[in-house]
Amino acid sequence: MAIAHDFEYLKPGTLREAVRTLARYGPRARVLAGGTDLITLIGEAMAAPDAVVDIKGISGLDRIEFKNGALSIGALVTFSDLRDSPIIAKKFPVIREMTGWLASPGIRNRATMVGNLCSAVPCCDSGPILMVYDAVIQVAGPAGKRKVPLSDWFVGPRKTVLKRGEVATGVVVLLPKKKHAACFVKLRRYEGEDLAQASVTVLALAGNSYRVSFGSVAPWPVRAHKIEALLEGQQLSDSLIRKAAQLVPEEITPITDIRATKEYRMHMCCVMLNRGLKAATARLAGAGPEYGTSLI
Amino acid sequence: MGTRIIGKRERRVDILGKLTGLAKFAADYNAGHQLYGKVLRAKHPHARILHIDTSKAKMLDGVEAVLTAQDIPGEKVMGIVIKNQAILAFDKVRYLGDGVALVAARTKDVAEEALSLIRVDYEPLPVVSDPEEALKPDAPKIHGNDNAFVHHKVRKGDMEKGFAQADFVIERKFRTPCIEHSYIEPEAVLAEPAEHGGVLITGSVQNLFSSRRSVAAALKLDLNRVQIIQATLGGSFGGKDEVMTSMCCRAALLALATGKPVKMVNSREESMLESYKRHPYVLYYKWGAKKDGSITAMQCKCIADGGAYSSMSPFVTWRSVVQATGPYYCENVKTDVHAAYTNNNYTGAMRGFGSPQVNFAIESMMDELAEKVGKDPLQIRLQNGFKTGAVTATGQKLTHNVSLLEVLTKAADAGDFLAKWKKYRSAPDAPKKRGIGLACSYRGVSLGAEGVDAAGTIVSVQTDGSVIVSSGITDMGQGAQTQMSQIAAEVLGISMSRIRFMNTNTSRVPDSGPTVASRGTIMGGSAAKKAAEIVRETLLGVGAEMGRLTPDQCDLVDDFLVEKATGKRLASFAELAAACFASGKPMYGLGWYKAPHTSWHEDEGTGDAYFTFVYGANVAEVEVDTETGKVDVINFVTCHDVGKAINRNTILGQFYGGVAMGIGYGLLEEFDYEDSVPKQLNFDEYLIATSMDVPPIKAIVVENEDAAGPFGAKSIGEPTTELAAPAIGNAIRNAIGRRVFEIPATLERVLLGHKLSRKGERGSARKEIMAVDSCKLGRGAQ
């Protein structure tokens with residue numbers, strides 16, 4: 001793909017320089033990390049920035065670190081990095097589970113998780129996964145550093161709370177203190193590379209506590225607080241799951257688009273919730289399907 | 001007959017070039033001072049062109065030509081059967097892929113910019129997107145005053161009597177989708193003004209001779225002034241015919257207008273927008289049958305969406321009408337196949353050519369019949385299926401070895417069909433249910449009574465004993481070059497490494513018709529055999545003199561001239577070639593093969609449609625998720641009578657590839673429109689089966705040699721892809737007790753029994769940023 005649009009290509013060596021550059025250009029600048037979204041947008045004339053600020057020259061953003069129960073994923077960490085990381089496999093196997101159905105190996109080698117959050121498309125797979133962990137995004141900007149809870153991050157399709165001059169430098173995920181297990185269920189139309197038509201993430205914590213999120217069925221990924229409240233402290237059963245499924249229409253607002261209809265997405269969220277809850281619970285008990293097994 | 005090379009797993013003659021990157025595809029060709037050609041395409045699916053203003057585009061620096069239909073010196077329209085496809089639209093645009101103007105410029109960017117400076121005033125006309133709507137009297141007309149442009153029929157027996165004899169009637173309606181060929185290489189050409197007048201075109205062209213005819217007519221040139229060389233093709237599946245003819249005409253017009261080479265390459269989006277597709281069909285089937293399962297009457301009516309132009313519709317629908325009732329005995333048949341113009345992409349040749357549509361209906365009906373009379377799917381087919389000597393719906397007596405029951409039985413056995421079918425049928429309800437389905441078909445070989453059916457192949461031995469083979473039959477990845485090389489090598493008693501196969505060049509090989517209808521091996525191969533035999537006779541004559549023997553005492557074996565009786569080596573093949581040259585004898589042979597007689601009576605709807613037929617059967621095993629509608633194909637058996645496997649690897653490649661394509665047709669593929677605006681222009685939304693979607697395939701090659709083909713070989717390219725969809729449909733029925741009457745059997749269709757309406761946009765994309773001007777779609781293709 002050739003890029004027909006001309007822009008300044010800037011590659012700052014430090015975060016401070018990046019912030020200064022971004023502040024100077026404002027909305028006319030776009031941040032480049034993996035580029036799998038940005039370059040496509042420019043190629044299809046859906047984005048026309050005057051400046052592309054490549055952050056790959058900034059050191060320290062490519063690390064995955066796990067310290068004191070907190071996982072830090074730098075802005076340059078790719079999905080392949082996550083997939084290959086022993087600490088992810090051990091402590092956050094559901095993140096690895098998600099990466100298996102994300103695009104294709106070629107894309108995963110370039111695309112970053114933080115970039116996925118910054119693109120903020122409704123079907124981003126990182127959002128719903130990180131939401132159940134109450135992840136926090138680290139932001140650097142002209143006014144210094146700040147932390148944004150993922151629940152406050154999205155403000156619309158392709159829109160985040162990032163302000164002029166700001167750049168996301170990483171995301172921090174806390175390992176739940178309680179014993180836990182999780183499950184990511186993604187609706188795809190076939191075994192090839194496909195965007196989520198809908199997705200459900202379930203985090204099951206010891207003591208019958210659940211965190212649930214949905215992807216691709218609202219303007220941005222959403223936590224299902226009503227369903228979580230219903231499930232809290234209850235022993236999982238078919239009748240409880242049925243009750244939870246009845247709350248699905250209150251949690252999500254799917255639309256009909258070229259990939260799937262509203263009605264089908266709604267139906268599938270109930271099916272995926274059912275299977276996700278059961279699988280996460282089974283995994284918590286040391287059983288259940290291996291991580292990476294598609295439930296649908 | 002013992003063979004040395006026929007039937008072996010010889011390496012493909014084109015494989016090393018393709019693996020190492022030495023193979024040159026059309027877009028790899030460049031010439032000094034070349035210009036880049038671009039097409040301005042229609043803004044509306046149906047509109048009258050009021051005015052085209054190219055003045056601003058012409059003034060842009062770097063632009064060397066801006067052409068419209070007015071600048072075409074010769075015929076402005078093309079078409080193999082009905083000439084009504086404009087090379088550049090002049091009165092109306094009839095679908096979004098229509099070209100309105102051409103630009104040649106020094107760079108691609110300038111060409112793009114020039115397109116945006118061309119102003120076209122349109123008067124939008126009402127759009128018709130549905131072929132059944134198009135056939136209504138008050139429908140908007142696409143060409144002339146009738147959208148109906150094809151009606152083929154088959155008539156046999158007495159329908160009234162047939163239905164009167166029936167104990168019951170089964171009546172069903174089916175729908176099959178419009179699909180894209182999905183060749184990996186989008187269309188490309190390089191057109192150069194030729195040294196002594198005329199034009200030289202190198203391109204990704206499937207049917208060089210028909211493309212050449214249109215270029216010559218458009219440019220008012222004699223055929224000998226238009227030379228088309230086939231670049232190595234990155235797939236075609238029937239798809240690089242008219243769309244390439246049109247591209248050749250356009251590039252040649254620009255080349256002659258500027259006096260410079262012009263390169264044109266479509267982006268994937270341009271390719272999907274412009275190229276023709278497989279016909280979607282609506283099929284109404286009504287069968288009368290007896291309680292014992294015998295069929296007393298078969299009535300079929302099919303309506304094909306022909307899209308904006310006639311293209312191959314008359315031929316595609318003719319194959320449908322001949323094969324619409326399948327390989328089953330029935331005394332009373334009435335079949336009508338209609339094609340209608342719409343403002344959708346025109347539809348034409350695609351691997352299968354009118355059979356995948358009717359096979360989906362026939363084989364679904366067969367299972368419905370079995371269900372009704374309480375028989376199993378194998379039993380009902382064995383009961384009704386053709387045996388040698390059967391008379392088809394068109395009144396043709398099948399005198400070759402009709403191996404339908406053989407392929408059916410072998411496929412069923414290999415898939416453990418009956419045991420599984422019974423087990424799955426009575427399985428208790430569960431979220432995931434398995435099912436198994438059977439389908440079979442017969443298929444007429446080559447063109448049949450569609451038209452003249454003859455082909456030529458040239459074998460030329462060089463003085464060092466190497467051999468050049470070339471043919472009017474082209475290779476597009478299916479392996480025609482390898483098959484023909486093997487045949488030549490077999491006849492000449494030489495190893496494959498001696499042979500170099502040249503890509504087809506219209507000025508150096510005789511017009512052999514199109515490479516379609518699975519006729520490559522049977523036609524090109526038969527011609528190769530004849531050509532090699534001519535050369536062999538000469539060589540043996542010279543060899544006999546060398547050994548003081550008679551020619552029939554000599555043989556060519558393992559690259560040597562040998563004495564037949566003793567096997568004694570008299571000379572190497574190279575020595576023999578040198579001696580032949582020295583004796584002044586020709587070492588060049590043109591083999592010409594004309595197909596056996598066929599006939600067709602359009603008014604009566606009868607005839608000996610094809611000179612021979614092939615038979616195949618598929619078994620699909622699926623797992624259906626009853627809560628989500630997802631269908632996983634978990635096992636597959638494909639069994640075909642190929643006559644004789646010239647190259648087992650190539651045959652298996654066809655088997656596997658055909659099944660993969662058929663799975664896409666059954667489960668995934670649909671080129672969908674909203675008011676004739678395509679909803680998908682790339683593989684992000686147009687889904688084809690990936691390697692991950694294709695299950696393990698058990699391939700069974702049945703060989704009943706046929707006198708009509710070289711070494712007994714028949715056809716295999718298309719039969720392999722025409723059966724997977726109905727086999728999957730029948731498997732879904734076996735699994736969940738419900739039939740899918742419309743393919744592809746997508747998640748929603750399987751779950752809900754119907755498809756919900758969709759909009760042609762991505763949910764994440766805002767309208768304003770998605771509104772990409774169609775002329776910008778080609779950006780960056782070259």
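A:Arg188 is buried at 8% relative accessibility, where buried means under 20% relative accessible area, exposed over 50% and partly exposed in between, with a 1.4 Å probe and protein chains only. A:Arg188 forms a salt bridge with A:Glu191, with the closest N and O atoms 3.6 Å apart; a salt bridge is a side-chain nitrogen of Lys or Arg within 4 Å of a carboxyl oxygen of Asp or Glu. A:Glu191 itself is partly exposed, its relative accessible area being 23%.

This is a predicted model, in which local features need pLDDT of at least 70 and side-chain atom pairs count only at pLDDT 80 or more, while totals for chains, interfaces and linings use all residues; side-chain values use heavy atoms, with hydrogens and water left out. Residues are numbered from 1 along each chain as its sequence is written, and chains are lettered from A and ligands numbered from 1 in the order in which they are written.

**Salt bridges**

Over all chains, a search of the whole structure finds 62 salt bridges. Side chains of opposite charge can pair when their charged atoms come close. Three of these pairs are set out below.

| Pair | Closest N and O atoms |
|---|---|
| A:Glu191 and A:Arg188 | 3.6 Å |
| A:Arg259 and A:Asp257 | 4.0 Å |
| B:Asp706 and B:Lys714 | 3.1 Å |

In the second pair, A:Arg259 is buried at 5% relative accessibility, and A:Asp257 is buried at 4%. Salt bridges that share partners join A:Arg189, A:Asp194, A:Asp257, A:Arg259, A:Arg265 and B:Glu685 into one network.

**Helix 11 of chain A**

Helices (H or I, at least four residues) and strands (E, at least two) are DSSP runs, numbered from the N terminus. Helix 11 of chain A, residues 238–251, has 14 residues and reaches 20 Å from its first C-alpha to its last, close to the 20 Å expected at 1.5 Å a residue, the expected span being 1.5 Å times one less than the number of residues. The buried residues in helix 11 of chain A include A:Leu240, A:Ile241, A:Ala244, A:Ala245, A:Leu247, A:Val248 and A:Glu251. They cover an arc of only 165° around the axis, which puts them on the same side of helix 11 of chain A; the arc is that of the directions from the helix axis to the C-beta atoms. An α-helix has 3.6 residues a turn, so residues three or four places apart point the same way. The face of helix 11 of chain A turned away from its buried side carries the exposed residues A:Arg242 and A:Gln246.

**Cysteines**

A disulfide is a pair of cysteine sulfur atoms within 2.5 Å, and a search of the whole structure finds 0 disulfides over all chains. For B:Cys580, the closest cysteine sulfur is in B:Cys554, 13 Å away and too far for a bond, and B:Cys580 is buried at 0% relative accessibility. For B:Cys639, the closest cysteine sulfur is that of B:Cys440, at 11 Å and again too far for a bond, and B:Cys639 is likewise buried, with a relative accessible area of 0%.

**Backbone features in loops**

Most residues other than glycine have a negative phi, and most peptide bonds are trans. A:Ala103, although not a glycine, has a positive phi of about 50°; A:Ala103 lies in the loop between helix 5 (93–99) and helix 6 (105–108) of chain A and is partly exposed at 24% relative accessibility. B:Phe353, also not a glycine, has a positive phi of about 55°; its place is in the loop between strand 17 (333–341) and helix 10 (355–373) of chain B, and B:Phe353 is buried, with a relative accessible area of 7%. The peptide bond from B:Ile743 to B:Pro744 is cis, with omega near 0°, and B:Pro744 is found in the loop between helix 18 (724–736) and helix 19 (747–752) of chain B.

**A nonpolar surface patch**

B:Tyr588, B:Leu590 and B:Trp592 make a nonpolar surface patch of about 310 Å². Patches are made of residues with over 30% relative accessible area and no salt bridge, like charges being joined within 9 Å and nonpolar side chains (Val, Leu, Ile, Met, Phe, Trp, Tyr) within 5 Å; accessible areas come from the Shrake-Rupley method with a 1.4 Å probe, and for residues only the protein chains shown count as cover. B:Tyr588 is found in strand 25 (residues 588–594) of chain B and is partly exposed, with a relative accessible area of 46%.
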